[in-house]
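Me: I have just opened this one and have not looked at it before. Please walk me through it in plain sentences.

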Amino acid sequence: MSTLSLISTAQPIALITLLVWAVVTDLRSRRIPNAVVLAGFAIALGTHFGVGASGATPLAGLTWWAPLAGLGAGFALLLPLYLLRALGAGDVKLLAMVGAFVGPGAVFNAFVYTLLAGGLLSLLFMLGRGVAAQTFSNLRFMLIDWRLRAGTGQGLRLTPLATTAARLPYAVAITLGTAAALCWPLLGR
């Protein structure tokens, strides 16, 4: 097996390993360590540029700038949810890491599937933990507050909640969304 083949094979294996690591730590402590994300950035950029320097194309034929664009896109896509305190910073950085591996187009698909997986995960979590009443109370508060702000000319921004119903291990949704985004096109072949 050539060095090029090893690097091309190492990228998806590294991505899967890092996502599993993030899921395990998120389930245990509701935190995603920076070590996971930083290792992912280094591996994604290193393998991408290593493969690209050899004249081959890494994951899905990405261009030289794709890892950086994917990193920025992944970060930007989840940043609004972080600013609303709906997600933690680790979740934003994790999707940015995924973007560094897969590029901007695929990270957008992963984002869409992540939102779907996150919605289902939220429902399961909410019903399983018995926090439905607090969740709906929070939603009601946010909508009423938003409506009052909009009606008085204070702007359309939402006020972040002081207390949340529960903390969701969103690394699970990001991992499922990424897997769906990468596997879905393969199923159509």
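Me: Which residues have the most contacts inside the largest nonpolar core?
Reply: Inside that core of 31 residues, the ones with the most contacts are L94, M97, V98 and F101. A nonpolar core here is a set of buried Ala, Val, Leu, Ile, Met, Phe, Trp, Tyr and Cys residues joined through side-chain atoms within 4.5 Å, and buried means under 20% relative accessible area, with exposed being over 50% and partly exposed in between (1.4 Å probe, protein chains only). This is a predicted model, in which local features need pLDDT of at least 70 and side-chain atom pairs count only at pLDDT 80 or more, while totals for chains, interfaces and linings use all residues. Residues are numbered from 1 along each chain as its sequence is written, and side-chain values use heavy atoms, with hydrogens and water left out.

Me: What is L94 in contact with, its close sequence neighbours aside?
Reply: Once neighbours within four places in sequence are left aside, L94 is in contact with L19, A22, I32, V37, A171 and I174, where contact means heavy atoms within 4.5 Å.

Me: And D91, is that one buried or exposed?
Reply: D91, which lies in helix α4, counts as buried because its relative accessible area is 8%. Not counting residues up to four places away in sequence, D91 touches D26, I32, L78, Y170, A171 and I174. The C-alpha atoms of D91 and F75 are separated by 9.2 Å, and these two residues are 16 apart along the chain.

Me: Let me step back, how many helices and strands does the chain have?
Reply: The protein chain comes to six helices and zero strands. Of its 189 residues, 34% are buried. Among contacts with a separation of 6 or more, 72% are between residues 24 or more positions apart.

Me: What about the stretch between α1 and α2, where does R30 lie?
Reply: R30 lies in the loop between those two helices, and its phi is near 60 degrees, a positive value in a residue other than glycine. R30 is classed as buried because its relative accessible area is 18%. T25, placed in helix α1 (residues 3–29), touches R30, R31, I32 and P33 when residues up to four places away in sequence are not counted.

Me: Which loop holds P169, then?
Reply: P169 sits in the loop between α5 (132–151) and α6. Its relative accessibility is 4%, so P169 counts as buried. Neighbours within four places aside, P169 is in contact with D26, L27, R30, L121 and F125.

Me: Changing topic, how many aromatic pairs are there?
Reply: The count comes to one aromatic pair, formed by F108 and F111, which are tilted at 6.3 Å centre to centre with 40 degrees between the planes. Rings of Phe, Tyr and Trp (its six-membered ring) pair if their centres lie within 6.5 Å, and planes under 30 degrees apart count as stacked, over 60 as edge-to-face and the rest as tilted. Both residues lie in helix α4 (residues 89–129), three residues apart, about one turn of the helix. F108 counts as partly exposed because its relative accessible area is 43%, whereas F111, at 13%, counts as buried.

Me: Last one, which residues make the nonpolar surface patch?
Reply: F49, W64, W65 and L68 make that patch, which is about 480 Å². Patches are made of residues with over 30% relative accessible area and no salt bridge, with like charges joined within 9 Å and nonpolar side chains (Val, Leu, Ile, Met, Phe, Trp, Tyr) within 5 Å; a salt bridge is a side-chain nitrogen of Lys or Arg within 4 Å of a carboxyl oxygen of Asp or Glu. F49 lies in helix α2 (residues 34–53) and is partly exposed because its relative accessibility is 37%. The protein chain exposes about 10,600 Å², with carbon and sulfur atoms supplying 70% of that area, and accessible areas come from the Shrake-Rupley method with a 1.4 Å probe, only the protein chains shown counting as cover for residues.

Notes:
Helix = DSSP H or I, 4+ residues; strand = E, 2+ residues; numbered from the N terminus.
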